[in-house]
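Below is a short report on selected side-chain contacts and surface features. The structure comes first.

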Amino acid sequence: MEDSTGSNPQSLGFTDKLKSWLSWSWTYVCFIWFGMVLIMIYVLWIFLKSFLLQIFEWWYFRKYGTSFIEQVSVSHLRPLLGGVENSSTTGLFSSVNGDAEPRPSVSECKVWRNPLNLFRGAEYNRYTWVTGKEPLTYYDMNLSAQDHQTFFTGDTQQLRPEDAVMQKAWRERNPQARIRAAYQAIEMNHEKWSSGKDINLLVYIKRRLAMCARKLGRIKEAVKMMRDLMKEFPLLGMLNIHENLLEALLELQAYADVQAVLAKYDDISLPKSATICYTSALLKARAVSDKFSPEAASRRGLSTAEMNAVEAIHRAVEFNPHVPKYLLEMKSLILPPEHILKRGDSEAVAYAFFHLQHWKRAEGALNLLHCTWEGTFRIIPYPLEKGHLFYPYPGCTETADRELLPSFHEVSVYPKKELPFFILFTAGLCSFTAMLAMLTHQFPELMGVFAKAFFSTLFAPLGFFADKMESFMPSSFWHQLTQI
């Protein structure tokens with residue numbers, strides 16, 4: 001009796017201490033719970049703002065192809081922080097021969113006349129009549145109008161009345177109105193149009209006549225006219241008549257003559273084009289493609305000729321990475337524009353439209369291209385910063401190509417802009433949180449049942465582990481633990 005009565009005060013004292021400790025800690029638990037609620041509300045508000053920002057960033061990226069946050073940082077924060085854009089840095093970007101040269105700026109993304117452009121009154125208009133779509137953009141046609149004004153108006157400082165009429169004719173989009181204006185200008189001055197003193201006009205007309213002969217199947221006649229033009233006017237290389245000649249010689253399958261033209265124009269000091277680079281690759285691929293097998297090449301390695309062909313393909317892909325998808329018919333072709341941007345999607349469309357048949361004619365050439373073209377990107381992992389055989393890829397091509405190519409065409413972008421994983425993860429998390437909040441507000445009871453089932457399923461392994469631990473431990477273990 002004495003022992004039992006003596007132990008009761010101790011047990012009552014422990015119980016009182018436990019109750020006081022619980023009442024004392026309950027206050028702090030309430031404060032902690034209230035703080036966690038505030039933190040949860042703050043986190044949800046941050047998620048909501050982040051979600052809205054990500055939605056806007058995604059929309060801006062899809063519409064303009066660039067990050068809004070990055071653009072604001074570069075445009076507004078960099079000047080405040082004292083950052084300076086150095087557009088003429090040397091030493092980082094070198095040409096093929098090792099001479100350090102500045103990286104081309106945005107203003108140097110020059111638009112060129114397409115040497116193989118179609119005839120607007122025939123092919124382009126026929127496409128519009130059949131499909132109801134405009135194959136040419138207003139910007140492209142406006143550039144052609146400016147070219148024609150330069151060709152067909154006089155070189156005097158003061159425009160004569162007939163020159164003003166011709167300028168109005170080239171700005172006119174209706175073909176019939178344009179023809180009427182041309183007749184009116186001829187009636188105003190008969191002598192001007194028979195003078196032939198303008199060399200550019202003479203070359204333009206002869207070249208278009210040669211292109212007409214090429215389209216009519218009189219290819220040898222077209223080749224002769226082009227050779228005569230190049231011999232008579234050797235300084236007009238900027239008109240790229242040699243590209244017309246290369247295409248006609250490929251149609252004749254005169255590969256030796258094609259190689260002779262390339263030997264003259266595929267020079268390190270001359271500007272390159274997709275026609276030159278890919279024609280050179282085609283000739284080297286044609287020499288080995290009929291016997292090329294990826295399995296055999298992986299076993300024995302590449303021969304010297306195969307290595308030269310692969311290097312030529314890599315060189316061509318580095319110059320214009322958009323061409324292979326059109327040649328391999330991974331992307332649908334459209335009618336080429338009247339103007340192109342070198343190394344851009346517009347040049348790729350123009351080249352593939354006329355040269356796809358030549359690649360198909362060379363047995364195995366497309367197979368070799370298919371097996372090797374993507375290897376180029378391992379050589380140039382950062383194409384906008386540093387090139388391998390050419391300048392770094394200009395970042396202005398996408399904007400110019402969108403103005404040159406019709407709206408129904410999906411412009412090819414290089415390098416492919418992908419959203420970072422962090423943006424995708426944050427957007428997904430914010431979307432999931434917002435969905436849960438909306439469902440909880442609309443269906444509180446159902447979401448409560450769902451949450452209870454979810455957490456019970458989530459903690460089921462933990463409960464199973466606790467039961468196993470209780471069955472494993474002695475029954476007096478927890479009592480002894482509390483006594484300690």
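Glu221 and Arg218 form a salt bridge through their side chains, at 2.9 Å from N to O (a salt bridge is a side-chain nitrogen of Lys or Arg within 4 Å of a carboxyl oxygen of Asp or Glu). Glu221 is partly exposed at 37% relative accessibility, and Arg218 is partly exposed at 43% (buried means under 20% relative accessible area, exposed over 50%, partly exposed in between, with a 1.4 Å probe and protein chains only).

This is a predicted model, in which local features need pLDDT of at least 70 and side-chain atom pairs count only at pLDDT 80 or more, while totals for chains, interfaces and linings use all residues. Residues are numbered from 1 along each chain as its sequence is written, and side-chain values use heavy atoms, leaving out hydrogens and water.

Asp228 and Lys224 are also joined by a salt bridge, at 3.1 Å from N to O. Both residues lie in helix α8, four residues apart, about one turn of the helix (helices are DSSP runs of H or I, at least four residues, and strands are runs of E, at least two, numbered from the N terminus). Asp228 is partly exposed at 35%, whereas Lys224 is exposed at 53%.

A salt bridge of 3.6 Å, N to O, connects Glu232 and Lys206. Glu232 is in α8 (residues 219–232) and Lys206 in α7 (residues 199–215), so the pair links distant parts of the chain, 26 residues apart. Glu232 has a relative accessible area of 43%, and Lys206 has 31%.

## Whole structure

The whole structure holds twelve salt bridges. Arg214, Glu247, Glu251 and Arg361 are linked in a salt-bridge network.
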